[in-house]
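Work through the following exercises with the structure open. Each task is followed by its solution in steps.

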Amino acid sequence: MSPYFPSGANVRIITERDQIGVVAGEPRRMAGEDWYKVQFSDGRIQTIPGRNLEIYEGAQDVETLLCRGAFGNRETLTRVITITKTQRPLSNNIYSFRASRTAFYPHQIKPVLKYLDSPKSRLLIADEVGLGKTIEAGLVLVEERARQELNRVLIVCPSALRQKWAREMKSRFDESFEILDTGRFRQFLAAFEEEAETAFLRGIISIQALRGEPLLEDISTRLPHFDLVIIDEAHHLRNPETFSHAAGRLLSECADSMLLLTATPVHLGNENLFYLLRLLDSEEFDEYSAFERRLRINEHIIRAQQLLGHKFPVDLSRCLDELRKVEESTEKARFMQNPMYTDVLRRLKEYDGSRREHVVELQRSVAGLNLLGHVFTRSRKSEVQERRPVRRATALRREFSGEEMECYQEITSFAIHWYERRLQERGHVNFFGQAIGADGFAAIMLKRQAASSLPALIEQTITAAESENETDMEELADSCEDEQAPKEVAKTLGSIKQDPVFQAIAQRYRELEKQDSKYERLVGAIRDLDQTESGRKLIVFSFFKGTLRYLFRRLTQDGFECVLVHGDVPSTPNNPETDERGKCFEKFEKDPGIRVLLSSEVGGEGLDLQFCHILFNYDLPWNPMVVEQRIGRLDRFGQASESILIFNFSTPNTIEDRILYRLYQRINIFEHSIGDLEPILGSEVQELERKFLRSRMTPQEEEAEIERVASVLERKRLEMKELEAESERLIGHDEYFSDELERVRKLGRYLTPAELELLVRDFLNARFRRSLLQTGPAPGFLNLEARQDLLDFVRRHIDARDPLLLQFQSKALRGAILVSFDSQIAFEHPEIEFLAIHHPLIRAIAEHYRQESAGLHPVSRVAISSDSAPEGTYLFLVYLLNVKGLRARLQFEPVFIEIDAHGVLDQPTSEALLSQMVTNGTTLEVVPGLNEERIRELIQVANDTFGCRLAEIQVDMQATNDALVAQRLSSLEASYRVKLGRQYERYEARFRRQLAPQYIRMIEGTIKRLESELESKKREIEQSRRLDPRYELIAGGIVSVRRI
């Protein structure tokens, strides 16, 4: 006979113990059984037989519920584990793993692992060009977003990259960033000053805008707080005397976390690298002389790392001898006081170099000794690409006709005469920073347009209004210190074309399109390609919008389907409905009928075009780095073709052919990547422009200039190779992280798609049964029919301003939504709704259980087929361990005890088994009969096992904590030793220099203050030496394991 439950009693369903409700009225007798109406917290009323109900006495601990046999099903375990992961981010889990719309490349997770190990959440990401630094920074953003609330994130980059960053953040990471000018950034500063707590920002601002002196003054006055600052092309900040560096220093002071991105720090020399690292941590990297000493000491650590990865088996004695050379340095005490160092020495003596697990463990530990490893990460293509495509360059040479050559010579001669006249009128040269003035830029642009396409220039001159800008503004911005300079150049170029002399030239050659030799060569080359590369997509780059529009019109007339992209094509990454540029890229990639993408530099900036391997340079840029960047759109990690075909137009007897093409051939830029030389080449390119503009050079002078510039480039390239080799010696590159990533995958140390799908399915089935999650058109695709009550639920838990919430609601109101929990599917199908940890539905479910934790029943019964654990029946307990120290640790510690023989599974097996139970387990139908005494006996074995593990963990953590304390104390003392040394020198020289008494007192006061500061900071660091361990028992139950 079932028990009686009075009206108003709190009850729970025995088979679903997280389902708690209130009895509504008296029971109804049916077929000899009492049935009760039960109202649940979400308003549902269900009628349930009394035999399936029990009184809910409030939350009870895991041990009590186990002894009572109050087992839930497998879903209850999944719910507890997954919700705990979302609400309390675990330190050894990687939340960015498989959580973005990106193709998975292991090397791109490496900066996340480095960042999580960084004591101050600061990192210099220095991967080679083309390996995806933007993606890596986005993954760090995803990681931080999962671990804490990010209210203010600022991205700083060159002007030309702002749209790229906005597009990548939206399309890859579902983050809507606003592009800021100085006015809009000042509005944010004012809002922050008025009410800091509510000031929200997802902003992208250019380096050019940020380095303005008035804005820097505004920032230094208000000191806004940022959760995360990302600075791209950070080598622009390397000179400490510039406003750009001052901007970086200010942002560093205002930021909790900071990322610097550059491909070139090791190519700029140690001093420039030092100034970048000082932006990240001015306390640790205070003096260049100390930094140089650190690099020399680091050489021995790097050599030991290289020996560990050189060949297998490893000669550990050689590693030991190399590592111990640090004891011959001035930093001997620092290492001898570091327990991690002494532990590594012990293991190098005791471990077996033929056992892979020993070697990997030593690689990880020795990498932890790297004196720059906590702030620096670098991946190279040679490390991550087994096969790189070969660049195959072809020159498309075609003589101008007689009339075309006459037109070209008249235009270039006019440009030189116009510029000389302007100089005479002005009486001086007007410079923007180090670049030539607006008149010079405009004259150069006119000559370049003539070389690009004579018919396009003539057409634009005759038909366009004076105010029309023929060049994408962003392409001029990086050459000008003044944010307004590009507009001045464009305005000047427009006025040139209105000059009566130039208008007469244009009218005289208005029929030139009928004999366009260059265009005919392009069409011929495309048709030739059809013989060997039939139907393949190709990209045509030009610097000029007029050239691109002309080509679009002509190619379309000749039957080629094209898309056209340049700076004037609207780009609104945060609003796909109006993002015309994004639609063009999507059409080019996915529409098989569209063969040709016509693109300017800005139009193609930031694109990953690995699916295409044919490129035409319709005109050649005057900066070799722009050539490299064009090719780099295709020559990226993930390029499927074995070769990249590069076609370069060159018209004989033009200055571009005599100078540019010969120069680029001389330095072999088309066949081989020159790397990122941009920070080095700027002055050479500008000098080249000046000479070509102001001089009428003889062939001999042209040859001498080609040789001079080529020699400079070759010398710089050799220097880069030498510095790269030196960086391997002094800075090092990590090789063990792939093993770390495999541990993450194997042990389920991330929120798996299966976990999230089970969580959502379970929640909808329990709370919103009218909202259906059903099988979609292909594996991994699902259809979600979100009814109004579910949308209302999500709105109650998520900020109404959240762009993802607005997007989700908009889609849901139109009908069933195509969704996926799989990141690869989300990457390949950007239109799909990606249900990852950051999605409003997932966040709303997590917040619901935060508010109503009674819905999380901690005890379950599970059956699992596994290849990782011995067959048998186990009692399991899941402890949540929380150890506070300089580097806190929060992690699951599952313990499995075999119920008959009391056998204990080791920690890695236990962790892997728990992960399998959560995602692949089923509900165990029959629970073994265990009395309370037997269960308590098993619980005691589990507690003893956990106690032993906890003791080992504390020993390991104490060593790590002590090492961090020693490291911080050493860095602190080194920094203050230099500061105090300066003051002591001044004090010792007081008599020789005959200093005034008040100045001597000031020096004495400074010394006392610095000594006091040092002692205070040392005490503060010492206080963090003590660990604070605690734990919670969050889950338990019985699991039956069957071997696969």
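**Exercise 1.** Which residues do ring pairs link into a cluster?

Solution. This is a predicted model. Ring pairs join F274, Y275, F285, Y288 and F291 into a cluster. The count of aromatic pairs in the model comes to 29.

**Exercise 2.** Classify the ring pair of F543 and F544 by the angle of its planes.

Solution. A pair of aromatic rings is described by the distance of the centres and the angle of the planes. Start with the distance: the ring centres of F543 and F544 are 5.2 Å apart, and pairing requires centres within 6.5 Å. Next take the angle: the planes of F543 and F544 stand at 70 degrees, and planes over 60 degrees apart count as edge-to-face. The pair F543 and F544 is therefore edge-to-face. Both F543 and F544 are buried.

**Exercise 3.** At what distance from the ring centre does R44 lie over the face of F40?

Solution. R44 is placed over the face of F40, 4.7 Å from the ring centre. Another such contact has the charged end of R98 over the ring of F104, at 4.3 Å from its centre.

**Exercise 4.** Is C319 buried or exposed?

Solution. Buried means under 20% relative accessible area. C319 has 1% relative accessibility, so C319 counts as buried. C612, with a relative accessible area of 1%, is buried too. The count of disulfides is zero.

**Exercise 5.** How many residues of α4 are buried?

Solution. Helix α4 covers residues 133-147 and has 15 residues. Its span from first C-alpha to last is 21 Å, close to the expected 21 Å. Of the 15 residues of α4, 14 are buried, so the helix is largely enclosed by the rest of the structure.

How values were computed. Residues are numbered from 1 along each chain as its sequence is written. This is a predicted model: local features need pLDDT of at least 70, side-chain atom pairs count only at pLDDT 80 or more; totals for chains, interfaces and linings use all residues. Side-chain values use heavy atoms; hydrogens and water are left out. A disulfide is a pair of cysteine sulfur atoms within 2.5 Å. Buried means under 20% relative accessible area, exposed over 50%, partly exposed in between (1.4 Å probe, protein chains only). Helices (H or I, at least four residues) and strands (E, at least two) are DSSP runs, numbered from the N terminus. The expected span of a helix is 1.5 Å times one less than its number of residues. Rings of Phe, Tyr and Trp (its six-membered ring) pair if their centres lie within 6.5 Å; planes under 30 degrees apart count as stacked, over 60 as edge-to-face and the rest as tilted. A charge sits over a ring if NZ of Lys or CZ of Arg is within 6 Å of the ring centre and within 35 degrees of the ring normal.
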